Amino acid sequence: MIEHAITLFALTLAAGTVLVFAALGELVTEKAGVLNLGVEGMMLVGAVAAFIVADQTGHAWLGALAGTLAGAALSLIFAVLTLSLLANQVAAGLALSLFGIGLSAFTGLSHVGHVIDPIAPLALPGLSDLPVIGRLLFAHSPFVYLSLLLFALVQWFLFGTRAGLVLRAIGESPQSAHAIGHKVIAVRYGAVTFGGACAGLGGAYMALAYAPMWTEGMTAGRGWIALALVVFANWKPWRVLAGAYLFGAVTLVQFQAQAMGVDVPSQFLAMLPYAATIIVLALISRDAVAIRRNAPASLGRAFHADD
Amino acid sequence: MSVLSPKSVLFTMLAVLAGLVSVSAIAADTPLKVGFVYVSPVGDAGWTSQHDAARREMEKALAGKVVTKYVENVPEGADAERVIRELAQSGYQLIFTTSFGYMNPTIKVAKQFPKTYFEHATGYKTDKNVGIYNARFYEGRYLAGIVAGKMTKSNIAGYVAAFPIPEVVMGINAFTRGMRSVNPNAVTKVVWVNTWYDPGREREAADTLISQGADVLTNHTDSTAVMQDAEAKKVYAIAYHSDMSKYGPHAQLTAVTHQWGAYYTKEVQAAIDGKWKPGSIWGGIREGMIRMAPFNPVVPKDVQDLVNRTAADIASGKFHPFTGPLSDNDGHERLAAGKVISDDALLKMDYYVEGVQGKLPATK
């Protein structure tokens, strides 16, 4: 039983981490008032860039860096379109997703079927071998620790620094922030790029460690789930984290139930992760006032200094 | 979510060009134009990959006599109809549509192009100019089961499956029967992932099965994730569709591979000779449509021999994987001793046989 629980815990962290990266990035973007629906596309471009570089150079971590940069680069296209050229954010974001899906498929064509050395889970001599605790705490993929570090950073930046306050102020009322001298467009550029980098890193994690391969559309809709997570988590980083792990956990529990032969239709079990995550997050975020307080007031609206 | 692949963009451009340049009349010495429609990208392994390998095999066998074209990543539905029609319009005389969901579009377009030949894979609707073809994948599954039964130490096999349709259920049952024919204590655990293709989820399902004791895995999904996970976790696996030994050099025991090449060559040759007729083919090991990949050296010689002997018996018709007595996993007898299951009963299979754990999710 303990053995099962430990395995389930490790698998849950591994499954949730893809969503943690993508959703935390999108959270920062949205906190600055920008809605970027291109997460799926950015993840795929991150995944393909990471895989190609890892495949060519033999250095998987160089691949992770490339994936991060590729995600950021793709998001810059979105930033130029929506922040400088004032294009509609929803349309531009959807276009970015489609573009990213196509671009990744095209650039990855000659790497389909290649095999790389994946980034393996940590094996700290001594620590990882400790009974129970070793496997609970010290034997995960390095990406899992990276995502937790990212969570701490985002939480600290948004709610513990002056720069984070400015970013949130811009997300609430870009006009006021502009009036008191903050550079709205520059900050939003930064937030969008950060979101892109995180999505790219999430994609890199998939292609280098979680399901080490490249095939077209391999993120299989996780970008859209990450987007939904941000909303249901009411723009709070810890809830994003909880939601991502909950989603992973319910997916895995339903697989465990199936493998044990529990008599519940698999179609129902397949729906559970979505339903459970939405219900739980909706319940903990049900306070209407809190929702209004947390949702960035200017989300999705273009800003121009002359407005 | 899939967008136009580069090749389909290119194809559309070519189709437009073809419309501008008038298509020359079909003369005896002009090569036959043969079109293929694929549901997913060709990729390196999997369902579509096997069809494309067969296309190339046919092209090579009939070099100079055929021109082929394929359109990949065509969603089932309205898009498929458009693509099939475009192929027919631009003078493709024999068109293979290689996914179940192309059935109605194929029939529809075929009525509009009575002089064009169509062949639809895995469907059941035919017409004057539409033939159908499919393979008895379950024959390979049975052989895979024999290997699994001999190689498992935990007596638990893990099966990652996509959707509870007869095609997949038939495979699970054949695998389990093969396994229990050599190891009556072994059981199959099934995890349904409810998707044909999601490497992350397929891997999660494989991990789950391993954590519950499965030491031989197989799958009916379309990525290489299960094989790669088996390799990483040091358990065995039996690949489906394609030989995946590249992804699991130690893990892969063998693979149930789909081989359409000989069939395509035969059909195209018939069309060239003017002798093509709409057929209804359900071929298996005998027709060469199903072949086992080379065995991993860890599979003992006597097991390899047993598999080869059984394959020969299946090919000669001496043995059928679903020969009674056949009970479902609730203990009800489905087939009396000595009786052989009918094709009709196979194609409607909606129960697990004895030895599969759990309950089959309802399909209706």
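**Q252(B) and its surroundings**

I first listed what Q252(B) touches, leaving out residues up to four places away in sequence: M227(B), A237(B), A239(B), D243(B), M244(B), S245(B), A293(B) and N296(B). I note that this is a predicted model.

Next I asked which element holds Q252(B). Q252(B) belongs to strand β10 of chain B, which covers residues 252-258.

Is Q252(B) buried or exposed? Its relative accessibility is 3%, and the cut-off for buried is under 20%, so Q252(B) counts as buried.

I also took one C-alpha separation. Q252(B) and V235(B) are 17 residues apart along the chain, and I found 9.0 Å between their C-alpha atoms.

**T251(A) and helix α11**

I then moved to chain A and looked up T251(A), which sits in helix α11, residues 237-259. T251(A) has a relative accessible area of 2% and is therefore buried.

What does T251(A) contact beyond its neighbours within four places in sequence? I found P273(A) in chain A, together with R201(B) and E204(B) in chain B.

With 23 residues at 1.5 Å a residue, α11(A) should span 33 Å, and its end C-alpha atoms are 33 Å apart, so the two values agree.

For cover, I counted 18 buried residues among the 23 of α11(A), so I logged the helix as mostly covered, on the criterion of under 20% relative accessible area.

Just past the end of α11(A), I noted that G261(A) has a positive phi of about 85°.

**Chain A as a whole**

How many helices and strands does chain A have? I logged 13 helices and zero strands. The radius of gyration is 20 Å, close to the 19 Å from the globule rule for 307 residues, so chain A is as compact as a globular protein of that length.

Along the principal axes, the C-alpha atoms of chain A fill a box of roughly 60 × 50 × 40 Å. Of the 307 residues in chain A, 55% are buried.

I looked at contact range too. Taking contacts in chain A between residues at least 6 apart in sequence, 78% join residues at least 24 apart.

Last, I looked up the charges. Chain A has 13 positive and 13 negative charges, and their mean positions are 16 Å apart.

Conventions: Residues numbered from 1 in each chain as written. Chains lettered and ligands numbered in written order. Predicted model: local features only at pLDDT ≥ 70, side-chain atom pairs only at ≥ 80, totals over all residues. Heavy atoms only, no water. Helix = DSSP H or I, 4+ residues; strand = E, 2+ residues; numbered from the N terminus. Rg over C-alpha atoms; globule rule 2.2 N^0.38 Å. Buried < 20%, exposed > 50% of the residue type's maximum accessible area, 1.4 Å probe, protein only. Contact = heavy atoms within 4.5 Å. Lys, Arg positive; Asp, Glu negative; His and termini not counted. Charge placed at Lys NZ, Arg CZ, Asp CG, Glu CD. Expected span 1.5 Å × (residues − 1).
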